[in-house]
Amino acid sequence: KKIIMTKTDIKEDARIFLTDYASYNNGSQFEFGHWVELEKFDTADELYKYIKNHFAEADKKSPLDEYGSEREEIMITDFEGFPNEIYSESMNFNHLYEYFERAEDCGYSKEIIKAYASLGVYGLDNIDQFFQSLEESYCGEFSNDVEFADDYCEMHRLTKDHEVFPYTHIDWDRVANELMFSHDEAEGHYFRQL
């Protein structure tokens, strides 16, 4: 039941709502805050350069002199296209772009990567462990725990023919329940706990 390995561009759907802490504290975060499509930037350095230039332009047009502050501290107030567990208000874009690159090259679909991320096992600061663990733990996509248990038993040669006694009398719900002590499910995807 493994998903066919595929190359995916997870960055194509990713975007952030960019503002800064000084504007937020001033109550003017929406004056220059806007959505930024991340696929427009090949690297984190390009994105950081864009943000620096954007903040400089915003400072020219509407300085925050009364607060004695320039717009320099990045604040991301919303996001789309990547897992919640990877988001933070002041995220490191170098780590995010490394995540995009690794996600594109790992061979798993966006859905599998996002499902694994939703388990909260590793975040952006442990990107190597995230993808290594994903590779080692992914078991496949199933419609329910019983289907997973049946496939698991067959893969491990615990059954031969489901039409022959005693296999027709196995309590698959109980088998599934026991297996779920050492596996996790997210959005129909199953992962071994490592």
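User: Let's start with helix α4. Which residues of α4 are buried?

Analyst: Buried means under 20% relative accessible area, exposed over 50%, and partly exposed in between, with a 1.4 Å probe and protein chains only. In α4, the residues that pass are F93, L96, Y97, Y99, F100 and A103. They cover an arc of only 150 degrees around the axis, so they sit on the same side of α4; the arc is that of the directions from the helix axis to the C-beta atoms. Keep in mind that this is a predicted model, where local features need pLDDT of at least 70, side-chain atom pairs count only at pLDDT 80 or more, and totals for chains, interfaces and linings use all residues. Residues are numbered from 1 along each chain as its sequence is written, and side-chain values use heavy atoms, with hydrogens and water left out.

User: What covers the buried residues of α4?

Analyst: Here you look for contacts, meaning heavy atoms within 4.5 Å. The cover includes β1 (15-20), α3 (44-61), β3 (74-80), α5 (110-118) and α6 (127-137). Those labels are DSSP runs numbered from the N terminus: helices are H or I with at least four residues, strands are E with at least two.

User: How do I check the length of α4, and what happens at its ends?

Analyst: The expected span is 1.5 Å times one less than the number of residues. For the 13 residues of α4 (residues 93-105) that should give 18 Å, and the end C-alpha atoms are 18 Å apart, which agrees. At the N-terminal end, N92 is the cap, with a side-chain oxygen 2.8 Å from the backbone nitrogen of N94. Just after α4, G107 takes a positive phi of about 95 degrees.

User: Which residues of α8 are buried, and which exposed residues are on the face turned away from them?

Analyst: In α8 (residues 172-179), the buried ones are W172, A176 and L179. Seen down the axis, they fall within an arc of 65 degrees, so they line one face of α8. The face turned away from that buried side carries the exposed residues D173 and R174. As for the cover over the buried residues of α8, it includes α7 (145-155) and β5 (183-186).

User: On to sheets. What is the strand order in the one with β1?

Analyst: Strands of a sheet pair through backbone hydrogen bonds, either parallel or antiparallel. The working rule is that two strands pair if DSSP finds at least two bridges between them. In this case, 3 strands form an open sheet in the order β2-β1-β3, with antiparallel pairing. β2 (34-37) and β3 are the edge strands, each pairing on one side only. Neighbouring strands are turned by 35 degrees against each other on average, direction ignored. Axes are lines fitted to C-alpha atoms, for helices over the stretch in contact, and angles run from 0 to 180 degrees between N-to-C directions.

User: How many bridges join β1 to β3, and which helix packs on that sheet?

Analyst: There are 6 bridges between β1 and β3, which run antiparallel. One to find is D20, whose bridge partner in β3 is I74. The helix packing on the sheet is α3, which touches β1, β2 and β3, and its direction makes about 40 degrees with that of β1.

User: And what about the sheet that contains β6?

Analyst: That one is also open: 3 strands in the order β4-β6-β5, paired antiparallel. Its edge strands are β4 (138-141) and β5, each pairing on one side only. Here neighbouring strands are turned by 20 degrees against each other on average, direction ignored. β4 and β6 pair over 3 bridges, and in β6 the bridge partner of E141 is H189.

User: What should I look at around S28?

Analyst: S28 lies in the loop between α1 and α2 (29-32) and is buried, with a relative accessible area of 13%. Its side chain joins that of N26 in a polar contact of 3.1 Å. A polar contact is a pair of N or O atoms within 3.5 Å; within protein, one must be able to donate a hydrogen and the other to accept it, and residues adjacent in sequence count only if both atoms are side-chain atoms. Leaving aside neighbours within four places in sequence, S28 is in contact with S23, L64 and R71.
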